[in-house]
Amino acid sequence: MAIENAIVIVNKTRLEQLIERFNTKAQAKFYIEHSGGDFADYELEHSNFKRSLEKVQKTLSNRIKHKLVERKYLPNFLFSEKDIAIVVGQDGLVANTAKYVNGLPILAVNPDIERFDGVLLPFNPDDFEIGLLTAIENRASFKKVTMAEAQMNDGQKLLAFNDFFIGPSSHISARYKITHKEKTENHSSSGIIVSTGAGSTGWLSSLINMTNGITTTFNKGNKGLHMNMKWEDNKLVFIVREPFQSKYSAVSLTAGLITNEIKLRIESQMPSNGLIFSDGIEADFLNFNSGSIVEIGIAKQKAMIINK
């Protein structure tokens with residue numbers, strides 16, 4: 001399918017968010033400076049982003065029709081098969097965009113290479129046109145990233161690029177029934193993390209670091225656990241956080257792999273405040289209260305990030 005449109009996806013800068021909060025730039029500056037912060041850094045970040053965005057849009061104007069869309073409108077934006085997603089922002093914006101573009105090619109641009117690591121941002125405003133041309137001419141190479149999918153018993157779905165959290169919306173215990181490989185347990189825990197390969201260096205790694213720290217402290221001969229996952233691996237990892245053992249709740253089913261053949265099934269036993277959210281964005285959530293059942297598996301679609 002020939003590419004005809006570029007959808008440029010951005011998020012508000014920190015300065016723009018501050019101005020929204022305090023109504024004016026002057027009031028935002030007053031608040032930050034009187035709190036001991038460096039308002040000039042907010043201004044510099046904003047100006048660098050706007051300069052990069054302007055350069056991207058100018059280049060696009062010479063090549064293809066384009067439209068600017070803010071991240072908050074992604075869940076309701078209708079993409080066409082003839083679109084390419086141009087992400088200008090931080091790595092997290094790429095992750096969130098991938099969930100809504102239905103497998104369209106994603107061209108990710110780092111607007112501030114001195115500020116952002118850009119693990120998911122191979123291009124910059126000066127060279128992204130090369131990637132654009134490879135996509136338009138149908139000769140682009142892609143990093144194909146495996147995503148996770150949550151399928152609810154009421155038909156609702158949610159994708160995750162990095163990870164899912166399934167549990168309570170506040171600091172209370174999550175109550176649920178968990179099933180994996182035909183084994184079922186009732187649990188009381190602080191929730192479940194399901195990680196993709198792309199997310200394995202994030203939240204999952206922190207859980208592994210915690211586990212290794214405890215085991216090496218109290219078991220000196222333990223060499224520690226290591227999790228090696230590639231972004232394209234067709235597997236997910238789930239870990240139950242802080243499982244509590246009691247007469248009601250068990251603790252033997254606390255980690256495992258999810259594959260194309262093996263899914264994770266969770267039945268909520270929380271009357272209220274249960275939720276599922278993806279990629280650390282609590283606005284991307286599904287309610288998960290009593291009566292809700294979710295199956296977590298590998299999504300059919302991949303995130304298609306254009307390589308440099």
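Phe-39 and Tyr-42 are three residues apart in helix 3 (residues 39–61), and so they are separated by about one helical turn. An α-helix has 3.6 residues a turn, so residues three or four places apart point the same way. The model discussed here is a predicted one.

**Aromatic pairs**

The structure holds five aromatic pairs. Two of them are set out in the table.

| Aromatic pair | Centre to centre | Angle between the planes | Arrangement |
|---|---|---|---|
| Phe-39 and Tyr-42 | 6.3 Å | 25° | stacked |
| Phe-165 and Trp-203 | 5.9 Å | 15° | stacked |

Planes under 30 degrees apart count as stacked; the pair of Phe-39 and Tyr-42 therefore belongs to this class, with 25° between the planes. Both Phe-39 and Tyr-42 are buried.

The pair of Phe-165 and Trp-203 links distant parts of the chain. Phe-165 lies in strand 7 (residues 163–168), whereas Trp-203 lies in helix 6 (residues 203–218), and the two residues are 38 residues apart. Are these two residues buried or partly exposed? Phe-165 has a relative accessibility of 5% and therefore counts as buried. Trp-203 has a relative accessible area of 24% and is partly exposed, because buried means under 20%. Together with Phe-277, Phe-165 and Trp-203 form one aromatic cluster.

**Charges over rings**

Which residue has its charged end over the ring of Tyr-42? It is Arg-14, whose charged end sits 4.1 Å from the centre of that ring. A further arginine, Arg-21, lies over the face of Tyr-31, at 5.0 Å from the ring centre.

**An enclosed helix**

Helix 4 (residues 91–98) has eight residues, of which seven are buried, so this helix is largely enclosed by the rest of the structure. The buried residues of helix 4 are Asp-91, Leu-93, Val-94, Ala-95, Asn-96, Thr-97 and Ala-98.

**A nonpolar patch on the surface**

Nonpolar side chains are also found on the surface, where Met-210, Ile-214 and Phe-218 form a patch. Together, these three residues have about 360 Å² of accessible area. Ile-214 is located in helix 6. With a relative accessibility of 47%, Ile-214 counts as partly exposed, because a residue counts as exposed over 50%.

Technical notes: Residues numbered from 1 in each chain as written. Predicted model: local features only at pLDDT ≥ 70, side-chain atom pairs only at ≥ 80, totals over all residues. Heavy atoms only, no water. Phe/Tyr/Trp six-rings, centres within 6.5 Å; stacked < 30°, edge-to-face > 60°. Helix = DSSP H or I, 4+ residues; strand = E, 2+ residues; numbered from the N terminus. Buried < 20%, exposed > 50% of the residue type's maximum accessible area, 1.4 Å probe, protein only. Lys NZ or Arg CZ within 6 Å of the ring centre and 35° of its normal. Patch = residues over 30% accessible without salt bridge, like charges linked within 9 Å, V, L, I, M, F, W, Y side chains within 5 Å. Areas by Shrake-Rupley, 256 points an atom, 1.4 Å probe, with all protein chains shown as cover. Salt bridge = Lys/Arg side-chain N within 4 Å of Asp/Glu carboxyl O.
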